[in-house]
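Look at the chains first, then read on.

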Protein chains: 4
Amino acid sequence: MLIVMKPGASASDIERVLEVIETLGFRGHTLPGENRTAIGVTGNQGSIDPAHFENLSGVADAIRVTKPYKLISKDLRPEKSVIKVGTGTIGGDELAIIAGPCAIESREQLFATAEVISKSGAKFFRGGAYKPRTSPYAFQGLGEDGVKMLADVREQYGLNIVTEAMDERGVDAVEKYGDCIQIGARNMQNFSLLKYVGKTRKPVLLKRGLSATLDELLLAAEYIMAEGNYDVILCERGIRTFASHARNTMDLSVIPAVHRMTHLPIIVDPSHGTGHNYMVTPLARAGVAVGADGLIIEVHPNPEEALCDGAQALTPGQYSELVRQVTVIREAVAEEKTIAAA
Amino acid sequence: MLIVMKPGASASDIERVLEVIETLGFRGHTLPGENRTAIGVTGNQGSIDPAHFENLSGVADAIRVTKPYKLISKDLRPEKSVIKVGTGTIGGDELAIIAGPCAIESREQLFATAEVISKSGAKFFRGGAYKPRTSPYAFQGLGEDGVKMLADVREQYGLNIVTEAMDERGVDAVEKYGDCIQIGARNMQNFSLLKYVGKTRKPVLLKRGLSATLDELLLAAEYIMAEGNYDVILCERGIRTFASHARNTMDLSVIPAVHRMTHLPIIVDPSHGTGHNYMVTPLARAGVAVGADGLIIEVHPNPEEALCDGAQALTPGQYSELVRQVTVIREAVAEEKTIAAA
Amino acid sequence: MLIVMKPGASASDIERVLEVIETLGFRGHTLPGENRTAIGVTGNQGSIDPAHFENLSGVADAIRVTKPYKLISKDLRPEKSVIKVGTGTIGGDELAIIAGPCAIESREQLFATAEVISKSGAKFFRGGAYKPRTSPYAFQGLGEDGVKMLADVREQYGLNIVTEAMDERGVDAVEKYGDCIQIGARNMQNFSLLKYVGKTRKPVLLKRGLSATLDELLLAAEYIMAEGNYDVILCERGIRTFASHARNTMDLSVIPAVHRMTHLPIIVDPSHGTGHNYMVTPLARAGVAVGADGLIIEVHPNPEEALCDGAQALTPGQYSELVRQVTVIREAVAEEKTIAAA
Amino acid sequence: MLIVMKPGASASDIERVLEVIETLGFRGHTLPGENRTAIGVTGNQGSIDPAHFENLSGVADAIRVTKPYKLISKDLRPEKSVIKVGTGTIGGDELAIIAGPCAIESREQLFATAEVISKSGAKFFRGGAYKPRTSPYAFQGLGEDGVKMLADVREQYGLNIVTEAMDERGVDAVEKYGDCIQIGARNMQNFSLLKYVGKTRKPVLLKRGLSATLDELLLAAEYIMAEGNYDVILCERGIRTFASHARNTMDLSVIPAVHRMTHLPIIVDPSHGTGHNYMVTPLARAGVAVGADGLIIEVHPNPEEALCDGAQALTPGQYSELVRQVTVIREAVAEEKTIAAA
């Protein structure tokens with residue numbers, strides 16, 4: 001914490017600030033400047049609330065210096081985390097591809113899609129049983145019945161199951177039948193739910209909220225980890241901006257930022273991130289090129305009949321072509337790393 | 001729904017679109033234009049998913065025309081809703097003021113604040129027992145003990161209690177001890193929680209999410225109402241933008257928009273909406289001037305010692321002055337309405 | 001400037017930073033902390049570019065402390081500036097109202113509107129002769145002919161003329177025939193134009209850019225003032241956000257922020273700020289209530305026939321009612337100030 | 001244009017709308033629906049201003065259907081434009097790399113950088129002589145002297161010169177000495193300047209404004225082309241959002257959207273788009289993977305001493321590695337296209 005005093009701050013204003021710092025159990029360091037005095041605070045373990053200082057007489061600004069997270073940080077764990085999800089891993093050398101329909105509509109549709117995904121070589125299967133829909137009148141998913149169908153998909157195809165839970169009942173079902181619990185963008189700051197999944201022993205796929213800063217995303221992960229579940233995979237799925245040519249704006253610069261600050265893996269979701277079929281493959285390529293650890297992709301045997309988000313789902317043919325393209329890019333990126341490190 | 005065909009769309013493309021419309025049980029109306037054909041869809045009761053059309057051959061765009069909500073709409077109920085909250089009302093002629101500390105810290109702090117609020121003439125008291133905090137290491141509130149203290153405040157001062165719930169347990173406690181269940185901005189699209197409060201019989205204060213559009217806010221209210229609880233009060237508390245001089249950007253144009261589209265009342269929260277003590281009173285004045293049905297204001301007997309959001313809390317003296325100012329403005333606005341209508 | 005070192009920064013990393021600080025002519029102050037060292041920089045007159053430090057080995061962050069502006073600052077001039085515009089003033093006790101059509105379409109339309117404005121008691125008349133239009137195919141304004149018509153309005157009605165210039169030729173015309181040169185939102189960072197108007201001797205109405213931070217707005221004013229023209233009036237006209245119920249999002253919290261940091265007056269533009277007729281009056285009331293020094297309002301004798309932005313223009317009747325309402329609010333706010341100061 | 005009537009609109013409301021449509025010279029088509037009537041408008045060549053209808057009695061909404069641009073459109077020119085810039089081309093099969101320092105500081109620095117760029121195989125050299133700086137007290141560039149030095153670089157190294165102009169004098173200088181006139185993000189809607197460069201015969205690199213929608217970017221290009229200069233290259237350089245981990249948020253989904261709607265080439269600027277050295281190479285890879293026609297990259301022989309934007313400039317070594325990496329990705333993308341088309 002750095003406290004910047006106003007140009008006209010009095011000696012007693014400065015004294016008062018130093019007193020408050022001491023009361024909080026920290027040390028204050030006065031730095032007299034040309035025009036104004038600044039006071040550095042040391043001795044704090046975590047972040048200090050600027051509110052303690054902002055309204056004191058003579059204070060111009062209180063600036064945070066220490067970052068407020070611990071468990072996600074590379075300071076704590078310098079090597080990258082490789083998260084085990086069922087029989088696969090996310091965060092290691094191999095690109096993780098999670099694919100499947102937006103919503104589970106029927107056993108038929110689910111198995112038809114799983115057949116395609118399985119042949120593509122992907123190790124992870126997605127499919128929504130509990131669907132967060134903006135309107136209460138939209139299709140809300142098949143619920144626990146859907147989750148059980150996903151378990152049957154795993155049985156038959158050996159695919160590891162990633163699916164969303166929206167509340168405690170859902171978490172219990174996914175923990176029982178699935179391999180990875182997805183927390184959706186709208187629940188990224190549903191702190192009660194984060195604590196609840198933090199107590200499970202299944203890995204968590206945490207999607208970035210529509211207007212979440214990087215700090216907020218990392219602190220949401222920290223909520224889960226603080227309860228003892230360290231297996232968190234982050235996901236960039238587009239943020240909300242003024243731009244309207246895509247449903248959301250994919251913020252790919254968050255990938256190198258996450259890799260710099262934390263040991264956690266991060267994947268990208270170009271289906272929700274763009275909302276348009278024709279953008280999914282180019283943005284998937286971009287996500288792999290920027291260094292993401294994986295992709296999550298919507299595939300539907302017949303997108304125009306999909307009950308949910310059909311416009312963005314790839315056909316099986318488009319999906320196979322996407323896998324071919326990103327595999328080439330991933331190899332190019334990996335090769336670059338080897339050469340660059342040499 | 002209006003479907004716009006590409007300039008080069010063939011007759012069979014148009015046929016296929018008309019077929020899909022018919023399959024869905026609606027009627028299609030072809031409008032040949034100078035450069036391109038458009039197809040209007042009628043016969044639908046609610047909104048149609050554009051996904052059914054966007055990927056069909058020859059389709060340039062599918063534009064929604066019907067709005068996807070019912071219960072919140074003035075079409076359904078032209079007169080404004082006046083919501084009963086304990087012994088008071090929100091949405092009627094009187095300006096509703098909800099005041100109190102951000103978080104309940106102790107019995108002492110709570111009653112000291114309630115004493116001030118009570119004398120100011122406000123009818124509603126706020127105080128957080130369950131606190132949604134960005135960091136897991138920040139003070140998380142006193143929980144059910146806090147809610148019980150609020151019930152004691154009502155007992156002693158006759159103030160009606162408005163307090164936030166973050167999950168089902170919290171909703172149960174607030175339903176039991178409080179008068180109005182607040183759903184915070186971060187839970188505005190926690191659809192499971194919305195359905196749960198929709199089943200209670202206490203009024204709900206629904207805060208707009210940080211990046212929620214007006215449609216999304218109204219549909220969140222629709223979620224609650226669709227479960228049978230029609231007592232929903234909306235709240236504008238600032239949205240997330242690039243601007244950094246305030247913690248959030250208060251979007252006051254949403255007030256006339258809400259009043260135009262829905263019968264529900266809407267209040268404003270200039271404390272969270274700005275995050276700065278010196279901005280709270282000016283923005284409270286603006287909120288009342290724009291036509292809001294009430295205010296929710298943070299007051300703390302000693303803001304610089306507050307455990308949460310201290311920087312924005314008003315002192316008792318500042319709060320009393322705010323009440324005096326907004327009362328004058330409210331009278332001016334009411335008088336205007338009378339004259340304008342005459 | 002405060003430089004925060006990484007936890008593992010070496011003594012020689014710190015030495016190197018201190019060296020660079022010295023090379024730049026400043027002084028460095030080392031503050032060893034629990035986990036990391038911070039280095040304060042003093043002796044600088046203006047802002048230091050963080051770029052000098054961010055890439056040095058061992059540096060985690062370089063945080064600006066000194067604000068980069070001078071002439072707009074209350075440190076330089078504590079009392080508020082009252083700007084003379086023709087025979088009127090902006091920034092003093094009286095609320096300034098600038099009203100008129102978006103674009104000048106014809107002599108007839110112009111004088112019909114001026115008649116109304118003049119009778120309302122407003123002292124300032126607006127009307128666009130040079131129109132910045134998003135499309136090259138939209139009506140671009142009457143140019144210098146329009147500016148001359150405005151001079152005739154002043155002649156006949158004694159109204160002071162505020163009109164936009166988009167380039168040097170336009171500035172010359174407005175300087176010659178008008179009373180105040182408006183720089184539009186899209187030109188707020190057209191630095192060549194800012195310097196050019198800084199050399200004129202007419203007051204400048206500087207509109208905030210659609211995505212301008214407060215700092216950028218103040219520095220744009222600083223550009224004008226640095227050339228010797230101190231008569232700058234700021235204008236909030238809405239910012240660009242994700243919200244779509246209004247054309248822009250009016251950011252009223254910028255008014256108290258501007259009044260806190262600078263001596264310059266600031267007005268609000270609810271016509272462009274909302275883009276909807278029915279929102280203009282409520283937001284005008286809010287702007288006056290929050291403490292703005294004036295309003296700029298679009299009025300058209302027949303809005304539905306307007307060649308530009310007709311949807312938002314008020315009819316003469318609506319405008320007269322607006323003036324009546326904001327006058328009451330202004331008096332209420334002024335009275336409050338008197339009582340509050342007593 | 002589609003006009004949607006309110007549920008309670010009367011027959012005479014509908015008549016009035018049809019009349020206005022006719023007055024404007026178009027044809028109206030009434031579509032009675034279940035709950036409300038819609039009216040389609042045909043016969044218009046360009047876009048119609050919704051303002052003509054929004055305030056008419058009984059009108060709920062007026063929705064634009066026809067897009068307001070012509071020259072940039074694929075409807076007009078289906079094949080992609082390959083723009084000649086000096087002796088090179090942008091928009092063809094080869095990836096265009098434009099590299100060089102942010103600002104020209106000295107002859108020495110310029111030639112040292114050009115030496116590196118030239119060896120890397122790039123065909124285009126950048127370097128700012130006229131610098132748009134947020135603060136009037138920041139280094140403003142060497143002006144025409146700088147532009148002349150760039151001409152010397154071309155002379156010696158055969159590199160084609162891309163450099164920014166901020167006003168007419170600057171355009172004249174760049175047209176005389178350079179190969180491509182850059183219009184910066186802050187001038188994207190400086191319509192006078194757009195018209196001026198539209199009259200030159202040098203290609204224009206048009207950077208997207210910080211809060212420009214895709215439509216606004218395309219219409220800015222349309223401004224230039226409407227004056228007769230068809231050689232426009234678009235550039236995505238990051239937009240302004242709430243996210244603060246990077247200086248701007250790169251919006252890579254705009255690349256496939258531009259390629260779908262227009263025949264113009266588009267390049268990306270990961271240096272300004274991120275503002276952080278460590279993000280430039282990953283985002284350059286992503287830009288090439290998503291399908292951009294080129295890159296513009298800041299390179300400085302000694303970034304920590306740079307007078308402008310040093311934090312983001314690459315060292316010569318980093319730059320050479322970037323070129324190697326993106327070349328591999330470009331080949332992978334090109335190969336994919338060939339296979340996909342086969």
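Domain bounds come from an automatic or database domain assignment. This is a predicted model, in which local features need pLDDT of at least 70, side-chain atom pairs count only at pLDDT 80 or more, and totals for chains, interfaces and linings use all residues. Residues are numbered from 1 along each chain as its sequence is written, and chains are lettered from A and ligands numbered from 1 in the order in which they are written.

Q: How far apart do the C-alpha centres of domain 1 and domain 2 of chain A lie?
A: Chain A splits into domain 1, residues 2-63, and domain 2, residues 83-341. The distance between their C-alpha centres is 45 Å.

Q: Which elements give two or more residues to the side of chain D that touches chain A?
A: Contact means C-beta atoms, placed from the backbone, within 7 Å. By that rule, 38 residues of chain D are in contact with 38 residues of chain A. Helices (H or I, at least four residues) and strands (E, at least two) are DSSP runs, numbered from the N terminus. The elements of chain D are helix H8 (254-261), helix H10 (277-290) and helix H11 (316-341).

Q: Why do chains D and A meet through the same surface?
A: Look at which residues take part on each copy. The copies share that surface because the interface residues of chain D are also interface residues in chain A, to the extent of 100%.

Q: Which strand gives the most to the side of chain C that touches chain A?
A: Here 17 residues of chain C are in contact with 17 residues of chain A. Strand S1 (2-5), strand S2 (27-32) and strand S3 (37-42) of chain C each supply at least two residues. With three residues, the top contributor is S3(C).

Q: Which residue of chain C comes closest to the rotation axis?
A: Chain C is laid on chain A by a turn of 180° and a shift of 0.0 Å along the axis, with an RMSD of 0.0 Å. At 2.2 Å (C-alpha), the closest residue of chain C is Phe242(C).

Q: Is H4(D) roughly parallel or roughly antiparallel to H5(D)?
A: Axes are lines fitted to C-alpha atoms, for helices over the stretch in contact, and angles run from 0 to 180 degrees between N-to-C directions. Helix H4 (residues 144-157) and helix H5 (residues 168-177) of chain D have axes that come within 9 Å and cross at roughly 15°. Angles under 35 degrees count as roughly parallel, over 145 as roughly antiparallel, 65 to 115 as roughly perpendicular and the rest as oblique. H4(D) and H5(D) are therefore roughly parallel.

Q: Which residues of H5(D) make the contact with H4(D)?
A: From H4(D) come Glu144(D), Val147(D), Lys148(D), Leu150(D) and Ala151(D). The partners on H5(D) are Ala173(D), Val174(D) and Tyr177(D).

Methods
Contact = placed C-beta atoms within 7 Å. Least-squares fit on C-alpha atoms with pLDDT ≥ 70 in both.
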